Amino acid sequence: MKRKRTFKSYCLGIESTADDFSVGISTFGGEILANVVSAYIPPEGGIHPREAARHHAEVASKVLKEAFKKAGIKPQNLSIIAFSQGPGLGPCLRTGATVARALASYLGIPLVGINHCVAHIEIGKLKTGAKDPVTLYVSGGNTIVSAFDSGRYRVFGETLDIALGNCLDVFAREAGLRQRVGEPFGAVVEKLAEKGKRLISLPYTVKGMDLSFSGLLTSATNLLKKGEYKLEDLCYSLQETVFSMVTEVTERALAHTEKKEVLLTGGVAANKRLQSMIKTIAEEHDAEFCVVPSEFAIDNGAMITWTGILAYTHGVATPIQKSFVKLRWRLEEVEVTWVR
Ligand code: AMP
Ligand code: MG
């Protein structure tokens with residue numbers, strides 16, 4: 001009997017919304033074959049969008065080559081190209097989009113523009129098995145509490161100013177701390193916070209379901225400059241305050257929606273203290289606590305790849321002429337055709 005030949009379909013995804021340039025390759029079944037990340041670390045100060053974009057352009061071919069090598073496939077084996085279309089920093093997004101367009105048109109395969117925030121939720125669901133969670137997505141650029149309802153991921157609460165990860169990063173920079181590849185500022189603050197004992201009062205700003213971190217950051221930075229408190233105690237107090245704020249909003253979303261899972265995703269999800277707070281509220285509401293593994297918590301290409309597959313197999317494709325980047329593309333604007 002002649003054996004039927006089966007060909008696997010593969011997607012390559014490009015993430016470039018901010019400081020990370022990353023390429024993921026996955027099968028259509030959700031097997032992640034490669035997830036290569038190159039992080040841009042500024043010599044000093046915050047992320048300068050054009051400098052980060054220059055980094056992305058410089059490392060793009062190296063990261064692509066490494067991803068193909070890891071996945072053990074050739075560009076000609078790809079069926080689709082997915083890319084982060086927004087939200088994010090303009091120059092960074094444009095660099096990733098240019099690479100994605102060039103690849104898709106050279107190979108003659110479809111292009112799929114993906115919302116970065118949706119991708120953080122979808123990779124979390126893939127990696128933890130969560131089906132219909134309330135999601136707390138906390139990263140360097142976003143702080144969003146969301147849940148699926150009537151075809152979209154609805155935003156229940158979000159930051160009104162800076163993101164939670166950004167708050168930790170700026171404080172760490174003001175304190176003269178150093179980050180390294182593999183140990184971002186948030187992780188440095190976490191280590192110091194473990195040694196903190198004294199809880200210093202900081203502004204706790206929850207407005208309805210929304211959050212504000214900028215006043216709290218100013219207050220913590222002012223206390224730091226006064227030099228009256230130990231850095232460990234300030235890190236501890238900062239973490240306790242900001243994590244309590246996001247936990248409060250997540251709990252209210254959980255109580256309102258009565259979902260049975262809570263998913264923690266985004267770069268800050270790596271934090272053990274935040275994990276324990278979210279786990280506590282999940283348990284109190286008889287919901288399962290799910291946290292994305294750290295490789296997929298930070299910005300990564302695999303999440304774009306996987307969401308590209310979900311979108312493409314449910315009728316979404318992005319013609320080149322509509323592939324312009326969307327700097328302020330909100331989570332709830334996306335029609336999530338693959339979830340029922
Ligand atoms: P992302 O924007 O998703 O790439 O995530 C990066 C953000 O996650 C930065 O603000 C980091 O400081 C933060 N982050 C990474 N690891 C930790 C950690 N262990 N605790 C708190 N924040 C973290
Ligand atoms: Mg990042």
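Reader: Why is aspartate 19 called partly exposed?

Author: Its relative accessibility is 22%. Buried means under 20% relative accessible area, exposed means over 50%, and partly exposed lies in between, with a 1.4 Å probe and protein chains only. So aspartate 19, at 22%, counts as partly exposed. This is a predicted model, in which local features need pLDDT of at least 70 and side-chain atom pairs count only at pLDDT 80 or more, while totals for chains, interfaces and linings use all residues. Residues are numbered from 1 along each chain as its sequence is written, chains are lettered from A and ligands numbered from 1 in the order in which they are written, and side-chain values use heavy atoms, with hydrogens and water left out.

Reader: Is aspartate 20 buried or exposed?

Author: Aspartate 20 has 8% relative accessibility, so it counts as buried.

Reader: What makes a residue a donor of the magnesium ion (ligand 2)?

Author: Donors are N, O and S atoms within 2.8 Å of the metal (3.2 Å for Na, K and Ca). Asp19 (OD), Asp20 (OD) and Asp299 (OD) coordinate the magnesium ion (ligand 2) at 2.3 to 2.8 Å. Water is not among the atoms, so sites may look incomplete. Along the chain, the donors follow the spacing D-D-x278-D.

Reader: Why is strand β11 called mostly covered?

Author: Five of its five residues, 261-265, are buried. Strands here are DSSP runs of E with at least two residues, helices are runs of H or I with at least four, and both are numbered from the N terminus. In a regular strand the side chains alternate between the two faces of the sheet. In β11, Glu261, Leu263 and Thr265 point one way, Val262 and Leu264 point the other way, and all are buried.

Reader: How do you know that β6 and β11 pair?

Author: Two strands pair if DSSP finds at least two bridges between them. Four bridges join β6 (residues 134-138) to β11, and the two run parallel. One example is leucine 136, whose bridge partner in β11 is leucine 264.

Reader: What joins β11 to β12?

Author: Four bridges do, and these strands run parallel. Glutamate 261 stands opposite glutamate 288 in β12. The chain crosses from β11 through helix α8 (residues 272-284) to β12, and this β-α-β crossover is right-handed. That label applies if, with the strands pointing away from the viewer, the path from the first strand over the helix to the second runs clockwise. Valine 262 also has a counterpart, standing opposite phenylalanine 289 in β12.

Reader: Which sheet holds these strands?

Author: An open sheet of five strands, in the order β8-β7-β6-β11-β12, with mixed pairing.

Reader: What makes β8 and β12 edge strands?

Author: Each pairs on one side only. Between β7 (residues 143-149) and β8 there are six bridges, running antiparallel. There, isoleucine 144 has glutamate 158 as its bridge partner.

Reader: What is the order of the strands in the other sheet?

Author: It is β3-β2-β1-β4-β5, an open sheet of five strands with mixed pairing. β3 (32-39) and β5 (111-115) each have a single partner strand, so one side of each is left without a neighbour in the sheet. Inside this sheet, β1 (residues 10-15) and β4 (residues 78-86) pair in the parallel sense over five bridges. Isoleucine 14 stands opposite phenylalanine 83 in β4.

Reader: Why is threonine 135 called buried?

Author: Its relative accessibility is 1%, so threonine 135 counts as buried. This residue lies in strand β6.

Reader: And why is glycine 186 called buried?

Author: At 18% relative accessibility, glycine 186 counts as buried. Glycine 186 is found in helix α5 (residues 185-193).

Reader: How many aromatic pairs does the structure hold?

Author: It holds one. Phenylalanine 148 and tyrosine 153 form it, at 5.7 Å centre to centre with 75° between the planes, and the pair is edge-to-face. Rings of Phe, Tyr and Trp (its six-membered ring) pair if their centres lie within 6.5 Å; planes under 30 degrees apart count as stacked, over 60 as edge-to-face and the rest as tilted. Both phenylalanine 148 and tyrosine 153 are buried.

Reader: What makes lysine 326 lie over the face of tryptophan 329?

Author: A charge sits over a ring if NZ of Lys or CZ of Arg is within 6 Å of the ring centre and within 35 degrees of the ring normal. Lysine 326 lies over the face of tryptophan 329, at 4.0 Å from the ring centre.
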